[in-house]
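The following exercises concern one protein structure. Each task is followed by a solution in steps.

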Amino acid sequence: MLRGFKNFLMRGDVIVVAIGLVTALAFSTLIKAFTDSVINPVIARLQGGKAVGLGWQLGNVGNNATYINIGSFISALIYFIIFMAVIYFVIVTPYKYTQARRGAEVFGEPGPVKTCPECLAEDLPEAARKCRYCASDQPRMD
């Protein structure tokens, strides 16, 4: 029973989705900090609104709503970098090692690609016989 659960969790698509969700969560924190600390004060300055920290005061001194708080944004950026490093070294690296022992390569360099002469898509695998975008026949690469 536990072996089946382990095999389910170690499937490539489950790990990729989990990493994507965690990355999105960390990125959302970064975006929230940017909007709360930079965008919101600019908008509040246009309307009227108090804060103290690393940044610039756009309106009256002591008005937090018109203060661009760069310190909070830098803090979120540092959090994002540390969080992604932890994800890489705690999840991605062991997963790559486990999959390599199973004979599968994950998170590696993509294979060689070619350009479709019809639609000019540049990301077709070199061995492709048809374009995935326009369905035109592709010349053989020998």
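The structure is a predicted model.

**Exercise 1.** Determine where Tyr88 is placed and whether Tyr88 is buried, partly exposed or exposed.

*Solution.* Step 1: Tyr88 belongs to helix α3, which covers residues 70-102. Step 2: the relative accessibility of Tyr88 is 37%.

**Exercise 2.** Classify the aromatic pair formed by Tyr88 and Phe89, and assign the exposure of Phe89.

*Solution.* Step 1: the count of aromatic pairs comes to 3. Step 2: in the pair of Tyr88 and Phe89, the ring centres are 5.1 Å apart and the planes make an angle of 85 degrees. Step 3: planes over 60 degrees apart count as edge-to-face, and the pair of Tyr88 and Phe89 is therefore edge-to-face. Step 4: Phe89 has 58% relative accessibility and counts as exposed.

**Exercise 3.** Which residues make the nonpolar surface patch of about 740 Å²?

*Solution.* The patch is made by Ile74, Ile78, Ile82, Val86, Tyr88, Phe89, Val90 and Ile91.

**Exercise 4.** Describe the surroundings of Gln138 and decide whether Gln138 is buried or exposed.

*Solution.* Step 1: Gln138 is located in the segment after β4 (124-125). Step 2: with neighbours within four places in sequence left aside, the contacts of Gln138 include Lys114, Cys116, Leu124, Arg129 and Cys131. Step 3: the side chain of Gln138 makes a polar contact of 3.2 Å with that of Ser136. Step 4: Gln138 has a relative accessible area of 9%; buried means under 20%, so Gln138 is buried.

Methods:
Residues are numbered from 1 along each chain as its sequence is written. This is a predicted model: local features need pLDDT of at least 70, side-chain atom pairs count only at pLDDT 80 or more; totals for chains, interfaces and linings use all residues. Side-chain values use heavy atoms; hydrogens and water are left out. Patches are made of residues with over 30% relative accessible area and no salt bridge: like charges are joined within 9 Å, nonpolar side chains (Val, Leu, Ile, Met, Phe, Trp, Tyr) within 5 Å. Accessible areas come from the Shrake-Rupley method with a 1.4 Å probe; for residues, only the protein chains shown count as cover. A salt bridge is a side-chain nitrogen of Lys or Arg within 4 Å of a carboxyl oxygen of Asp or Glu. Helices (H or I, at least four residues) and strands (E, at least two) are DSSP runs, numbered from the N terminus. Buried means under 20% relative accessible area, exposed over 50%, partly exposed in between (1.4 Å probe, protein chains only). A polar contact is a pair of N or O atoms within 3.5 Å; within protein, one must be able to donate a hydrogen and the other to accept it, and residues adjacent in sequence count only if both atoms are side-chain atoms. Contact means heavy atoms within 4.5 Å. Rings of Phe, Tyr and Trp (its six-membered ring) pair if their centres lie within 6.5 Å; planes under 30 degrees apart count as stacked, over 60 as edge-to-face and the rest as tilted.
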